[in-house]
Amino acid sequence: MASMSVLTRDEAQTRAQLLDVHRYTVDLDLTVGDDTFDSRTVIRFTVRTGTGTGTGAGTGTGTGTGTGQDTAGAGATADTFVELKPAELRSATLDGQPLDPAALDGNRLPLTHLAPGEHELRVDARMRYSRTGEGMHRFTDPADGETYVYTQLFLDDVQRVFAAFDQPDLKAVFDLTVKAPEEWTVLANGVTEHTGDGVWTAATTPRISTYLVAVAAGPWHSVRTEHRGLPFGIHCRRSLAPHLDADADEILDLTRACFDRYHEKFAEPYPFDSYDQAFVPEFNAGAMENPGLVTFRDEFVYRSAVTDTERQTRAVVIAHEMAHMWFGDLVTLKWWDDIWLNESFAEYMGYQITAEATRFTGAWTEFGVSRKAWGYDADQRPSTHPVAPEAVDDTAAALLNFDGISYAKGASALRQLVAWLGEKDFLAGINTHFERYRFGNAALADFIDSLASATDRDVPAWAEAWLRTTGVDTLTAATDARPGQWTCALDRAGARPHRVTVGVYDRDLSDGRTLTLRERYDTDVPQGGAPEPRPGIRPALVVPNDLDLTYAKIRLDETSLDTALRGLSGIPDALTRAVVWNSLRDMVRDGDLAPADYLATAAAHLPEETDLALVQGVLAFAGAQIADRYLHPDDRPAALTTLTALARDLLRRTEDGDNPGLRLIAVRQFVDAAAHPDTIAAWLADGMVPGGPELDPELRWRVLARLAVLGATDEAAIAAELERDPSAGGQEGAARCRAALPDPEAKRAAWAAMFAGDDLSNYLFTATAQGFWQPEQAELVREYVPRYYEDVLAVAARRGPAIARAASRFAFPAHAVDAAHLALGEACLRDGDPVPALRRTLVDQLDDLARALRVREV
């Protein structure tokens with residue numbers, strides 16, 4: 001078969017000028033086998049008169065040039081194509097005339113000599129189930145043998161399920177029928193009805209894009225309710241039923257609270273007929289905003305203890321996906337260069353609505369310490385791109401831009417926009433946008449015009465500065481004191497305008513450690529002249545961007561930096577502490593603060609920290625980056641000792657049971673940093689940590705994985721634990737532990753499973769990769785570093801984008817921080833011709849590797 005073609009922007013624009021797509025009638029049969037399903041599609045569309053040149057059927061090379069014909073006259077004809085990736089194309093007819101199935105070229109079926117007017121295309125195909133979370137994913141639960149299938153059609157995977165004109169601006173209505181085993185329930189974008197013999201019919205959708213069609217079928221455990229006259233439901237695998245039931249009230253209360261707050265902010269009511277949330281297995285993303293049927297990774301159904309920060313993350317994702325019902329589903333981007341219109345908006349609203357409408361009022365702190373760091377890192381790599389790129393050439397390039405820039409930087413830009421415009425004008429512009437483009441498509445210029453209609457400010461100039469540029473500005477504070485007054489000048493390295501709040505803090509003289517807020521004042525950067533003198537003595541700490549309203553790296557003045565390093569835990573507001581921790585993090589990455597100093601600051605201040613998101617975020621950076629990468633291997637044991645001592649301190653401080661979340665973080669940290677097996681082996685044998693908690697499945701597998709790294713367990717113990725926990729999570733835990741064993745045969749088996757075969761699902765591939773590379777085993781796995789670059793090219797090309805991303809993210813030898821490794825990676829990029837999904841992540845990984853080398857040199 002010819003190679004698959006990606007859709008180019010030019011092809012999509014030409015096809016959109018040629019076609020109006022009205023309706024899809026899709027009939028799926030999920031009862032025909034374990035490997036494939038049947039797909040029958042009827043597409044009704046119109047070819048316009050007088051619209052220029054038709055698009056070609058494509059050559060199977062990704063260019064799709066074809067031989068279009070002029071359609072300017074009423075009697076002219078045009079050529080185009082429909083996308084389909086079948087196991088077998090049984091038949092296709094256009095207006096009742098058969099098409100040759102052999103004409104399918106890669107994923108394109110040519111439609112030639114189309115006269116202006118209405119047409120009907122019928123396609124009958126056999127389609128493959130996926131094990132990689134793309135298209136129609138099929139999963140059999142090892143806990144009980146039950147099987148589930150669900151679709152993930154983003155970004156261009158609808159063609160793995162049914163034939164489609166697969167681009168976001170060819171919206172249509174969808175009629176969907178699914179035949180499933182009798183004991184199954186079928187969920188879809190609209191309310192579904194079982195009409196007998198295992199056949200389910202979904203209500204006709206409004207006009208939506210092809211990538212938003214959704215099906216989830218299986219013997220779901222469901223909790224259903226009604227809110228504002230609409231049916232709401234949450235669904236999961238039967239084996240997770242007790243865990244979903246335990247959290248059902250919390251999930252549904254969050255859903256209702258977010259739903260109501262969106263209706264307070266948006267004039268346009270919720271545009272679909274129901275709201276289902278399905279927690280599905282082996283899901284690649286956090287969640288997907290299918291209208292009326294949001295799909296989530298089912299790790300959000302917690303079967304083990306979690307912290308309140310993790311519950312907050314689930315709440316943010318619920319709010320994020322609901323925001324998409326308006327921004328993304330009701331109004332959809334025209335093409336993938338405007339990904340930010342979907343994701344930045346949903347990211348911003350997810351955190352804002354969570355903070356406003358739920359008990360998680362500190363959500364922006366977690367955004368600052370984790371999500372924003374994701375954006376800062378992405379924006380300093382060679383692969384950076386504007387929030388709103390001028391043009392994304394094709395779907396393969398578009399898929400790469402779902403990153404920290406489109407999410408975290410874009411959301412930060414919107415937060416800055418709200419600070420600059422005011423929320424009233426911002427929401428007025430948003431509501432104008434919904435009214436203008438409901439059930440249609442819009443681009444950046446349309447959005448900016450809608451915002452500009454609500455304010456006298458120069459929104460286009462703001463958008464040009466913030467959305468069309470790359471990189472992170474740096475704001476550096478310089479304070480100057482004179483008798484009775486002081487000033488703070490903010491120097492900007494960069495070109496964006498910033499509206500920031502400056503926080504001014506004094507030491508509390510009663511204890512010397514606590515800091516008290518003297519004042520907060522707003523200022524613009526650039527400041528436009530000399531800074532205004534402020535009365536009083538020079539403060540102990542001045543924090544630019546105190547409320548974290550802009551997106552920029554922050555450098556404190558010398559006095560403030562000294563105060564922060566000595567008294568960070570004494571800053572009264574968690575969001576301000578997040579800004580300071582991020583500043584220290586950036587200084588380490590830029591070589592301006594020794595990694596050991598960051599570790600010492602963490603050890604000094606985390607025991608006093610009350611915000612769990614900050615504790616988790618700081619420990620994650622201290623462990624995965626400082627201990628594992630930025631410090632020389634000879635210094636790593638001392639770093640692990642510091643981290644285990646910190647964990648012991650936290651455990652001592654939580655013995656009274658008043659802070660189970662902090663205690664859980666401490667237990668996890670102690671396990672992950674343990675250099676000796678005795679203590680954690682005793683925990684595993686006893687089934688609990690002295691003083692609590694009991695070791696639930698997550699903690700048991702975590703301990704066993706660390707014991708595997710340390711060579712303190714074996715295959716028999718792993719097999720026994722898997723027998724104790726035969727769930728999907730147990731299967732992943734066992735794969736992770738087996739790959740982590742410091743045994744040459746275990747390493748060979750893990751490597752072969754990842755790179756020689758195609759049997760591992762996306763999740764089992766990831767778990768195996770996570771176990772394979774360990775800093776403690778650098779000598780044992782040294783031979784695999786060059787093998788990685790030989791084998792990753794083939795597996796990425798063979799297994800597709802999802803596995804390519806997993807192989808380059810999780811299977812990358814990140815522990816090997818040396819010049820020889822960097823040279824190997826650069827040679828692979830230069831000579832190996834990696835597929836786009838692999839190339840992009842390798843570029844990022846190698847840039848991070850080069851940064852780690854620079855930090856070590858400093």
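**Aromatic pairs, burial and charges over rings**

Modeller: The structure holds 51 aromatic pairs. The model is predicted, so local features need pLDDT of at least 70 and side-chain atom pairs count only at pLDDT 80 or more, whereas totals for chains, interfaces and linings use all residues. Residues are numbered from 1 along each chain as its sequence is written, and side-chain values use heavy atoms, with hydrogens and water left out.

Biologist: Why is the pair of Tyr348 and Phe426 called edge-to-face?

Modeller: Rings of Phe, Tyr and Trp (its six-membered ring) pair if their centres lie within 6.5 Å; planes under 30 degrees apart count as stacked, over 60 as edge-to-face and the rest as tilted. For Tyr348 and Phe426, the centres are 6.0 Å apart and the planes make 80 degrees, so the pair is edge-to-face.

Biologist: What makes this pair a tie between parts apart in sequence?

Modeller: Tyr348 belongs to helix α4 (residues 339-357) and Phe426 to helix α8 (residues 423-437), so the pair ties together parts 78 residues apart in sequence. Helices are DSSP runs of H or I, at least four residues, numbered from the N terminus.

Biologist: Why does Tyr348 count as buried?

Modeller: Buried means under 20% relative accessible area, exposed over 50%, partly exposed in between (1.4 Å probe, protein chains only). Tyr348 has 3% relative accessibility and therefore counts as buried; Phe426, at 1%, is buried too.

Biologist: What makes Arg415 a charge over the ring of Trp364?

Modeller: The criterion is NZ of Lys or CZ of Arg within 6 Å of the ring centre and within 35 degrees of the ring normal. The charged end of Arg415 sits over the ring of Trp364, 4.0 Å from its centre.

Methods. Helix = DSSP H or I, 4+ residues; strand = E, 2+ residues; numbered from the N terminus.
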